[in-house]
Amino acid sequence: MRVGALAVLLLALAGCSPNDTFTRMGFPNPVTTQGAITLSLWQGSWIAGLLVGAVVWGMIIWAVIFHRKRGDKLPPQVRYNMPIEILYTVIPFVLIAVLFYYTAKDENTIDAIPAHPQVTVNVTGFQWSWAFNYPGYGVNTDGAMWNPRLTDAQNQAAMPLLEIPVGESVEFNLTSPDVIHAFWVPEFLFKRDVIPGHPNHFSITATKTGTFTGHCSELCGLYHSRMLFTLKIVTPAQFQTWISQQKAIQQTASGSTQ
Ligand SMILES: [Cu+2]
């Protein structure tokens, strides 16, 4: 019912497709099951806010029009209406309780980590780049921070690559050797701090394939803004192929240095 009311209201408001930026109230199009939950919480909060706003604006306009000063005579002056004062103390508590309920409920779902995630990625955020380690496969990737002298394509090739399969649960373990960073992929509708001495965790299941840019979203020093990585969400078969390629590359590299 909540989703139905939401869809009807937002469609009526936007007068356009359910998939555009206005209907999403500025949020990016989510690419994870968790992000879809965040988006519906965001839209639901807007609808609740607009409904409360409509009631408040309605009452203001009603008071302005029907209880305005007419001629020299003041409208009846009243004060201390106990039932109304109790009402406008209780209603905000109810509003907060409803918002709190849905936020806590969705937060628990989004924060949940499956007992046996299908892929685990250890993420290291450091000044000023990222390294990704796949402990299940013995594969590591890293790369350079974004360089203004290179083209976008060159940067994409040089930046650290995080590749994950669509439709499979992925657990991320976040650590930092220096200062606080934050792992952020806008299309996840999610950020999590990367804190030295305090490993953080979260899990997502991607719903769409594609290439996206990940960011650091915690000011961490001079080149914070260049601390980017490339996220590739691919099919499970493409992921397995990529893992085998990475293993082969790393074995050749370690073989040639011995
Ligand atoms: Cu950072």
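Guide: Let us start with one residue. A157 counts as partly exposed, because it has 13 C-beta neighbours inside 10 Å. This is a predicted model, and A157 is found in helix α4, residues 152-158.

Visitor: Why is A157 called partly exposed?

Guide: A residue is buried with 20 or more other C-beta atoms within 10 Å and exposed with 12 or fewer. A157 has 13, so the term is partly exposed.

Visitor: Is L189 buried or exposed, and how do you know?

Guide: L189 has 23 other C-beta atoms within 10 Å. The cut-off for a buried residue is 20 or more, so L189 is buried. L189 is found in the loop between β6 and β7, the latter being residues 190-194.

Visitor: What about Y80: buried or exposed?

Guide: Y80 has 6 other C-beta atoms within 10 Å. Exposed is the term for 12 or fewer, so Y80 is exposed. The place of Y80 is in the loop between α2 and α3.

Visitor: What is noted about the backbone at Y80 and L189?

Guide: Y80 has a positive phi of about 50° although it is not a glycine. L189 also has a positive phi of about 50°, and it is not a glycine either.

Visitor: What makes α2 roughly antiparallel to α3?

Guide: Helix α2, residues 33-66, and helix α3, residues 82-111, pack at an angle of about 175°. Angles over 145 degrees count as roughly antiparallel, so α2 and α3 are given that term. The axes of α2 and α3 are 10 Å apart.

Visitor: Which residues of α2 and α3 meet?

Guide: On the α2 side they include Q34, I37, L41 and A48, and on the α3 side they include L95, L99, Y102 and I110. The residues of the contact of α2 with α3 divide into 8 nonpolar, 6 polar and 1 charged.

Visitor: How do you know that β1 and β5 pair?

Guide: Two strands pair if there are at least two bridges between them. β1, residues 119-126, and β5, residues 169-175, have 6 bridges, so they pair, and the sense is parallel. T120 stands opposite E171 in β5, and the bridge partner of V123 in β5 is L174.

Visitor: Why are β3 and β8 called edge strands?

Guide: The open sheet of 5 strands has the order β3-β2-β1-β5-β8, with mixed pairing. β3 (139-142) and β8 (200-205) each pair on one side only, and they are the edge strands. The twist averages 20° from one strand to the next. At the β8 end, 6 bridges join β5 to β8, which run antiparallel.

Visitor: Which residues lie on the covered face of β5?

Guide: V170, F172 and L174 form the covered face, and S169, E171, N173 and T175 the uncovered one. V170 has I204 in β8 as its bridge partner.

Visitor: Which residues have the most contacts inside the largest nonpolar core?

Guide: They are V121, V123 and I164, in a core of 32 residues. Strands that each supply at least two residues of this core include β1, β2, β4 and β5. V123 touches W130, F132 and F172, among others. In soluble globular proteins, nonpolar side chains tend to be buried together.

Definitions and conventions: Residues are numbered from 1 along each chain as its sequence is written. This is a predicted model: local features need pLDDT of at least 70, side-chain atom pairs count only at pLDDT 80 or more; totals for chains, interfaces and linings use all residues. Helices (H or I, at least four residues) and strands (E, at least two) are DSSP runs, numbered from the N terminus. Axes are lines fitted to C-alpha atoms, for helices over the stretch in contact, and angles run from 0 to 180 degrees between N-to-C directions. A nonpolar core is a set of buried Ala, Val, Leu, Ile, Met, Phe, Trp, Tyr and Cys residues joined through C-beta atoms within 7 Å. Two residues are in contact if their C-beta atoms, placed from the backbone, lie within 7 Å. Angles under 35 degrees count as roughly parallel, over 145 as roughly antiparallel, 65 to 115 as roughly perpendicular and the rest as oblique. Ala, Val, Leu, Ile, Met, Phe, Trp, Tyr, Cys and Pro count as nonpolar, Asp, Glu, Lys and Arg as charged, and the others, Gly among them, as polar. Lists of a residue's contacts leave out its neighbours within four places in sequence.
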